[in-house]
Amino acid sequence: MSEVELYLIQDGDNCTIYTLQFLRDTENEFEKFISKFKESAEYSEDYIRIAAFISRIARTGASERYFRQEGKMNDSVVALPVISSKLRLYCLRLSDKILILGNGGVKSTRTYDEDPTLKGYVMTLQKFENLLRQGIEDGSVTLTETTIGTDNIFEL
Amino acid sequence: MKRTTRSLEEMLGPIPETVKAEVDLSFEISDRIDLLMRERGLTKKQFADALGRRPSEITKWLSGQHNFTISTLAMLSSFFGQPIVTVG
């Protein structure tokens, strides 16, 4: 079991951005992604594009069409970018106005679930979404149009 | 609710102005196409069929991440009978 908390990165009328923080780690999930690729000789240009997309989405909203559909049919896991790139940032898009940024990596297999590392990032988000939905049902999590409210420590 | 110690902008780091401008324009074009499609009541499949394109190509156009050519923009303006981008 790993303990994880939801952290707010930025709130706004058009989109509120969150990430996940494992209690055992010093960096949150989105910072881990940034640390790997921001200074990467091979992927820094792809990273800059993703950073610009996130910045734009934070200002204007997280429309479904801005994302690549990943995960399973019944979950909210998506990825950036849609355009051709080997880099993938995995996210939970709960609505046009709520986005949770996860970790990501270089996709070198046909599908994410053929790569144990990428599959792990997607599964983290899938499991977190399930716990979030349970929290909404039991009242420990509140969900409004633009915000998630919780002080829960989730056990993944 | 806990907040990250760094803001989104601090986490992302500097983004070159040229990339920001390109991404903003690309998203605005995709939003414009999406609006025109909805006004016409076109699904992605219907739109793709009408243009003789693959639905996957329309997905890229609507993603806000596609680098449109002048030729594609001219074709889309002609199809909708309205400008997609306005110069000047």
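# Close-up views of a predicted two-chain model

View 1. In strand 1 of chain B, the residue that forms a bridge with A:Tyr7 is B:Lys2. In this model, which is predicted rather than determined by experiment, A:Leu8 stands opposite B:Arg3, which also belongs to strand 1 of chain B. Strand 1 of chain A and strand 1 of chain B, the latter made of residues 2-3, run parallel and are joined by two bridges.

**View 2. The side of chain A that touches chain B.** Across the whole boundary, 29 residues of chain A are in contact with 24 residues of chain B. On the side of chain A that touches chain B, the elements giving two or more residues are strand 1 (3-10), strand 2 (16-22), helix 1 (29-37) and helix 2 (44-60), each of them in chain A. Among these contributors, helix 2 of chain A gives the most, with nine residues.

**View 3. The partners of strand 1 within chain A.** Inside its own chain, strand 1 of chain A is joined to strand 2 of chain A by six bridges, and these two strands run antiparallel. One pair to look for is A:Leu6 and its bridge partner in strand 2 of chain A, A:Leu20. A hairpin of five residues leads from strand 1 of chain A to strand 2 of chain A. Strand 1 of chain A is also joined by two bridges to strand 9 of chain A, residues 154-155, and this pairing too is antiparallel. Here A:Glu3 has A:Glu155, in strand 9 of chain A, as its bridge partner.

**View 4. Strand 5 of chain A and the strands that pair with it.** Strand 5 of chain A, which covers residues 87-95, is mostly covered, since seven of its nine residues are buried. Strand 4 of chain A, residues 77-80, runs antiparallel to strand 5 of chain A and is joined to it by four bridges. Within this pairing, A:Leu80 stands opposite A:Leu89 of strand 5 of chain A, and a hairpin joins strand 4 of chain A to strand 5 of chain A through six residues. Strand 5 of chain A also pairs with strand 6 of chain A, residues 98-106, in the antiparallel sense over seven bridges. In that pairing, A:Arg88 has A:Gly105 of strand 6 of chain A as its bridge partner, and the hairpin from strand 5 of chain A to strand 6 of chain A passes through two residues.

**View 5. The largest nonpolar core and a second, separate one.** The largest nonpolar core has 50 residues, and the members that touch the most others are A:Ile50, A:Ile57, A:Leu89, A:Tyr90, A:Cys91 and A:Leu99. Helix 2 of chain A supplies the largest share of this core, nine residues. If neighbours within four places in sequence are left aside, A:Ile50 is in contact with A:Leu80, A:Pro81, A:Leu87 and A:Leu89.

**View 6. The buried side of helix 4 in chain B.** Helix 4 of chain B spans residues 55-62, and its buried residues are B:Ile58, B:Trp61 and B:Leu62. These three lie on the same side of helix 4 of chain B, because they cover an arc of only 90 degrees around the axis. Among the elements that cover the buried residues of helix 4 of chain B are helix 2 (17-40) and helix 3 (44-51) of chain B. After helix 4 of chain B comes B:Gly64, and its phi is positive, near 80 degrees.

**View 7. Chain A as a whole.** Stepping back from the details, chain A has three helices and nine strands, and along the sequence they follow the pattern β-β-α-α-β-β-β-β-α-β-β-β. The C-alpha trace of chain A spans about 45 × 35 × 30 Å along its principal axes. Because a compact globule of 156 residues would have a radius of gyration near 15 Å, the 15 Å of chain A agrees with that expectation. Buried residues make up 42% of the 156 residues in chain A. Of the contacts in chain A between residues at least 6 apart in sequence, 46% join residues at least 24 apart.

Methods: Residues numbered from 1 in each chain as written. Chains lettered and ligands numbered in written order. Predicted model: local features only at pLDDT ≥ 70, side-chain atom pairs only at ≥ 80, totals over all residues. Rg over C-alpha atoms; globule rule 2.2 N^0.38 Å. Buried ≥ 20, exposed ≤ 12 C-beta atoms within 10 Å, placed from the backbone. Contact = placed C-beta atoms within 7 Å. Pairing = 2+ DSSP bridges. Core = buried A, V, L, I, M, F, W, Y, C linked by C-beta atoms within 7 Å. Arc of directions from axis to C-beta.
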